[in-house]
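I set out to record, entry by entry, what I looked up in this model. The notes begin with one annotated position and move on to other sites.

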Amino acid sequence: KIRADHEKALEEAKEKLKKSRDEIQAEIQTEKNKVVQELKKKDSKPLPPVPLPNLIGINSGEPADPDIREKRNKIKEMMKHAWDNYRQYGWGHNELKPIARKGHSTNIFGNSQMGATIVDALDTLYIMGLHDEFREGQEWIDKNLDFSVNSEVSVFEVNIRFIGGLLAAYYLSGQEVFKIKAVQLAGKLLPAFNTPTGIPWAMVNLKSGVGRNWGWASAGSSILAEFGTLHMEFVHLSYLTGDPVYYNKVMHIRKLLQKMDRPNGLYPNYLNPRTGRWGQHHTSVGGLGDSFYEYLLKAWLMSDKMDTEARKMYDDAIEAIEKHLIRKSNGGLTFIGEWKNGHLERKMGHLTCFAGGMFALGADGSRDDKAGHYLQLGAEIAHTCHESYDRTTLKLGPEAFKFDGGVEAVAVRQNEKYYILRPEVIETYWYMWRFTHDPKYRQWGWEATQAIDKYCRVSGGFSGVKDVYSSSPTYDDVQQSFFLAETLKYLYLLFSNDDLLPLDNWVFNTEAHPLPVLH
């Protein structure tokens, strides 16, 4: 059989070589066109009609108090400043360099122009009532957002920013184009799950489907916060397409994690997708770990509290975190440290500050009537993170801060003194405001708003700063897409009434994209 096949191939090759170069080119083109048509057919099978969940509170939230209304309008003006400059100088690029006034991209989006800022900002534009800007964004997405590019992207970042952003825009506006694009993109991420364990690679090439892990992560491991932060979006994808493949992928990850041994009940940040074993025993509620815990809680909330398995995993994890990572400093500040090779590092990252909001959000429904305890813990974390802002010159928080000896809530290393327009502290203020209505959270949010407007605003947009302890800081010249997606959205919600995106009906993904509870 092999010889016969071989002979046949030789004959075909001889036949081909008799043809002229033009004929051969024409044949190749015909074949290519056929493949493209097939792919188009495959890509565009119509999605089943599914009922839209009952969407409550997607506009308004107008506060009665004129002072609060004025503050809310100021935040809307800042959003317009960020968007208009991106529109003028960075349109279609992933992000904006507001000082150089040109486009900017990082390796998480590969090497292609995917308009990350547009997709990330859509739902913020929508809830602020900036409908002309929303339509501009929609038009760009409809005409230019193309996922068949030869580009290696972060599975996690593309999921939370692009799929999350497109799904939220779809639910808020009802425009089909967002749903179609989200599903197309999700199909491009699926090959990342082709690993021996089903734990996805960190990166995937959108064209070839080839995946790999970050070189710096513990011996080729995947990262807990990356493969553990897909659940919300993938459940919604299965809901909207009627295709269980997405749901099955994330449930497989959960089942695998449930079977594994956990040192001290803590989840290490690294897991090898080839062997299914943990990498080095680092545990963190900051970068590398953070949103895994958040998505356990939110999976339960998003399921209308039916997914009790997720709630149990959350409760178990939080108990271990409280026992091993949460401490009080000498000055009485509650902080969350990081577990590294058997000892606790007394350092907290800006990213970890989201946990105050998470504890508050998870208070209702916690074990042993501990709701009050967790609300209190949320308030203590919010206070600590506010101190990290208050103890700087600019009143903006550093990337990481220590609790060693006499130094508390202050960054020590030069490379931890930057503020890159991050949202986590403001996110916690907003959750704490929703659950307590203590006016200090609005006061703290306003302090941050004024500091951002004073020190990060430039004529071409908003930029991060390199040293929050310096009275004349240098800019990093990046307007992050999450500044429009998260920071400005949480600020706007903080100065809106609770009937705008009520938490009983909406669950925010880790990039602040609201997804409806699926009853």
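**Entry 1: the annotated threonine**

I listed the contacts of T510 (heavy atoms within 4.5 Å) and, not counting residues up to four places away in sequence, found I160, T229, S291, E294, Y295 and E486. The model is predicted, so I noted the limits: local features need pLDDT of at least 70, side-chain atom pairs count only at pLDDT 80 or more, and totals for chains, interfaces and linings use all residues. Residues are numbered from 1 along each chain as its sequence is written, and side-chain values use heavy atoms, with hydrogens and water left out.

I then looked up the polar contacts of T510, taking a pair of N or O atoms within 3.5 Å, where within protein one must be able to donate a hydrogen and the other to accept it, and residues adjacent in sequence count only if both atoms are side-chain atoms. The side chain of T510 makes such a contact with the side chain of E294, at 2.9 Å. Helices here are DSSP runs of H or I with at least four residues, strands are runs of E with at least two, and both are numbered from the N terminus. On that numbering, T510 is found in the loop between strand 18 and strand 19 (514-516).

Is T510 buried or exposed? I used under 20% relative accessible area for buried, over 50% for exposed and partly exposed in between, with a 1.4 Å probe and protein chains only. T510 has 16% relative accessibility and therefore counts as buried. In its unreviewed entry, UniProt lists T510 for "binding site"; UniProt positions follow the numbering used here, feature names are shortened, and annotations may be inferred rather than shown by experiment.

**Entry 2: aromatic pairs**

I paired rings of Phe, Tyr and Trp (its six-membered ring) if their centres lie within 6.5 Å, with planes under 30 degrees apart counted as stacked, over 60 as edge-to-face and the rest as tilted. By this rule I recorded 26 aromatic pairs. The ring centres of F134 and F178 are 5.7 Å apart with planes at 70°, so this pair is edge-to-face. Because F134 belongs to helix 5 (residues 131-144) and F178 to helix 7 (residues 176-189), the pair ties together parts that are 44 residues apart in sequence. Both F134 and F178 are buried.

I also examined W446 and F495: their ring centres are 5.9 Å apart and their planes stand at 80°, so this pair is edge-to-face. W446 sits in helix 16 (residues 440-455) and F495 in the loop between helix 17 (481-494) and strand 18 (506-508), so the pair links distant parts of the chain, 49 residues apart. W446 and F495 are buried. Elsewhere, ring pairs join Y267, W278, F292 and Y293 into a cluster.

**Entry 3: a proline beside F495**

I followed F495 to P63, whose contacts, not counting residues up to four places away in sequence, are I68, R69, R72, F495 and N497. P63 lies in the loop between helix 2 (21-43) and helix 3 (66-89) and is buried, with a relative accessible area of 3%. P63 and N497 are 434 residues apart in sequence, yet their C-alpha atoms are 5.6 Å apart in space.

**Entry 4: helix 4**

Where does the chain leave helix 4 with a positive phi? I found G129 following helix 4, with phi near 75°. Twelve of the twelve residues of helix 4 (residues 116-127) are buried, so this helix is largely enclosed by the rest of the structure.

**Entry 5: strand 14 and its partners**

I counted two strands as paired if DSSP finds at least two bridges between them. Strand 14 (residues 400-404) is mostly covered, with four of its five residues buried. Three bridges join strand 14 to strand 13 (residues 347-349) in antiparallel fashion, and M348 has F401 as its bridge partner.

**Entry 6: T428**

The side chain of T428 reaches the backbone oxygen of F354 at 3.3 Å.
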